[in-house]
Amino acid sequence: MKIYLDTANLGEIREAARWGILSGVTTNPSLMARETGADFKETIQEIAALVDGPISAETVSEDADGMVQEGIEYATWHHNVIIKVPSTTDGLEAVSRLGRRGIRCNVTLCFSTSQALMAALAGAFVVSPFIGRLDDLSQDGMELIREIAAVFEQNSEIRTRILAASIRHPRHVVEAALAGAHIATCPFKVLKKGMRHPLTDKGMASFLADWRAREVDMALAGASSG
Ligand code: G3P
């Protein structure tokens, strides 16, 4: 299981990159819109300078011609740029056409196994099932990951990786790994939460308190013997 960061915030990417766990970054138009005033191309290039792995940049056209045009341009920004297109028939066409030019695609907004299968057959590099948004509708996002993984497993010609997206909490990451996802793209706060545990904090506090008490004891012993 690889971990990507789901953000366009350079501060978050810089910090998570220092932890040494990041294999890539995904952005989308909503995440870019949160970075007020930031230039899209510059942001993607700065991300690519921070993380040596696939960086998803999403198209905003609704037709295949537009997606292909945007994809060709984004691909010139950095060799690690992956073109994100939606799970639509135009998206499939864009994947096929960009693939013929050696440009890799992330098929996003995937909510069904049929969408994932067709994205894979079109030659998608990764497909992004949205777990959290399905859970929000009282559907089982993780079951979608399991079903896609089973279908891909049975079809050995499929090379497409499963990228679990719309991750809401650390258990989503673990469950996605168990369900067969190859990658999970996580909001920064989910990554931070994934390393927090009250028993770790409590254990650190008691170890430090014991160490300081030992130092005081040793200082007192030194003073009384001298
Ligand atoms: O980047 C795509 C996906 O991860 C978005 O997640 O939280 O907006 O459903 P969310």
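How far does a polar side-chain atom of Asp6 lie from an oxygen atom of the ligand?

Modeller: The model is a predicted one. In it, the distance between a polar side-chain atom of Asp6 and an oxygen atom of the ligand is 2.5 Å. Two further contacts may be set beside this one. Ser166 places a polar side-chain atom 2.7 Å from an oxygen atom of the ligand, and an N or O atom in the side chain of Arg168 is 3.0 Å from a ligand oxygen atom. Of the 310 Å² of accessible area that the ligand has on its own, the protein covers 83%. The residues that surround the ligand are Asp6, Asn28, Lys84, Phe130, Arg133, Ala165, Ser166 and Arg168.

The model contains a closed barrel of eight strands, ordered S1-S2-S3-S4-S5-S6-S7-S8 and paired in parallel. On average, and with direction ignored, neighbouring strands of this sheet are turned by 25° against each other. Strand S1 comprises residues 2-6 and runs parallel to strand S8, residues 183-186, to which four bridges join it. Within this pair, Ile3 stands opposite Ala184 of S8.

Strand S2, residues 22-26, pairs with S3 in the parallel sense over two bridges, and Val25 has Ile55 of S3 as its bridge partner. S3 also pairs in the parallel sense with strand S4, residues 81-86, over four bridges; here Ala57 has Ile83 of S4 as its bridge partner. In a regular strand, side chains alternate between the two faces of the sheet. In S3, Ile55 and Ala57 point one way, whereas Ser56 and Glu58 point the other way, and all are buried.

Helices complete the picture. Helix H8, residues 141-154, lies across S5, S6 and strand S7 (161-164), and runs at about 175° to S7.

Elsewhere, Lys192 is found in helix H10, residues 188-194. Lys192 is partly exposed because its relative accessible area is 41%, a value between the limits of 20% for buried and 50% for exposed. Leaving aside residues up to four places away in sequence, Lys192 touches Glu15 and Trp19. The C-alpha atom of Lys192 is separated by 38 Å from that of Arg97, 95 residues apart along the chain.

How values were computed:
Residues are numbered from 1 along each chain as its sequence is written. This is a predicted model: local features need pLDDT of at least 70, side-chain atom pairs count only at pLDDT 80 or more; totals for chains, interfaces and linings use all residues. Side-chain values use heavy atoms; hydrogens and water are left out. Two strands pair if DSSP finds at least two bridges between them. Axes are lines fitted to C-alpha atoms, for helices over the stretch in contact, and angles run from 0 to 180 degrees between N-to-C directions. Contact means heavy atoms within 4.5 Å. A residue is near a molecule or strand if one of its heavy atoms lies within 4 Å of it. A polar contact is a pair of N or O atoms within 3.5 Å; within protein, one must be able to donate a hydrogen and the other to accept it, and residues adjacent in sequence count only if both atoms are side-chain atoms. Accessible areas come from the Shrake-Rupley method with a 1.4 Å probe; for residues, only the protein chains shown count as cover. Buried means under 20% relative accessible area, exposed over 50%, partly exposed in between (1.4 Å probe, protein chains only).
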